[in-house]
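Welcome, and thanks for taking a look at this one with me. Below are some numbered notes to read alongside the model.

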Amino acid sequence: MRVHGTPELDSTVEVELYRIVQEALNNAVRHAQADTVEVEIEARDGLVTITVRDDGGGFDPGARAIRERRLGLTSMRERAERLGGTFSVESAPGAGTTVRVEVPGG
């Protein structure tokens, strides 16, 4: 884990961010079968950015089967948006996955 800056966050924001990271880590272990997972937290210019990157099997985020059963991805996106932030996922089969959330704070 890498941390850049010291964000001062409301406890509600902390809990929501914790849940997003928890879900991303759970997905990396449960679905991606990753060997390595990196978490990076950066607080800069009034924003907190958290990136969770794994070297697992990856997936096609646009695939119909994924869209139909992506409750975890949906809940992460909804949490980020409730905080006034953004959520993104980058992945491809065989290429690992990167989840990024950016919210006001810090």
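**Notes on the predicted model**

1. Now for the fold. You will find three helices and five strands, and reading from the N terminus their order is β-α-β-β-α-α-β-β. The radius of gyration is 13 Å, close to the 13 Å that the globule rule gives for 106 residues, so the protein is as compact as a globular protein of that length. Along the principal axes, the C-alpha atoms fill a box of roughly 35 × 25 × 20 Å.

2. How much of the protein is buried? Buried residues account for 35% of the 106. In soluble globular proteins, nonpolar side chains tend to be buried together. Here the largest nonpolar core has 21 residues, and Leu-17, Val-48, Ile-50, Met-76, Phe-87, Val-101 and Val-103 have the most contacts inside it. Two or more core residues come from each of helix H1 (11-30), strands E2 (37-44) and E3 (47-54), helix H3 (71-82), and strands E4 (86-91) and E5 (97-104). H1 gives the largest share, five residues.

3. Beyond its neighbours within four places in sequence, Val-101 is in contact with residues including Leu-17, Ile-20, Val-48, Ile-50, Ala-80 and Phe-87. Across the protein, among contacts between residues at least 6 apart in sequence, 59% join residues at least 24 apart.

Methods:
Residues numbered from 1 in each chain as written. Predicted model: local features only at pLDDT ≥ 70, side-chain atom pairs only at ≥ 80, totals over all residues. Heavy atoms only, no water. Helix = DSSP H or I, 4+ residues; strand = E, 2+ residues; numbered from the N terminus. Rg over C-alpha atoms; globule rule 2.2 N^0.38 Å. Buried < 20%, exposed > 50% of the residue type's maximum accessible area, 1.4 Å probe, protein only. Contact = heavy atoms within 4.5 Å. Core = buried A, V, L, I, M, F, W, Y, C linked by side-chain atoms within 4.5 Å.
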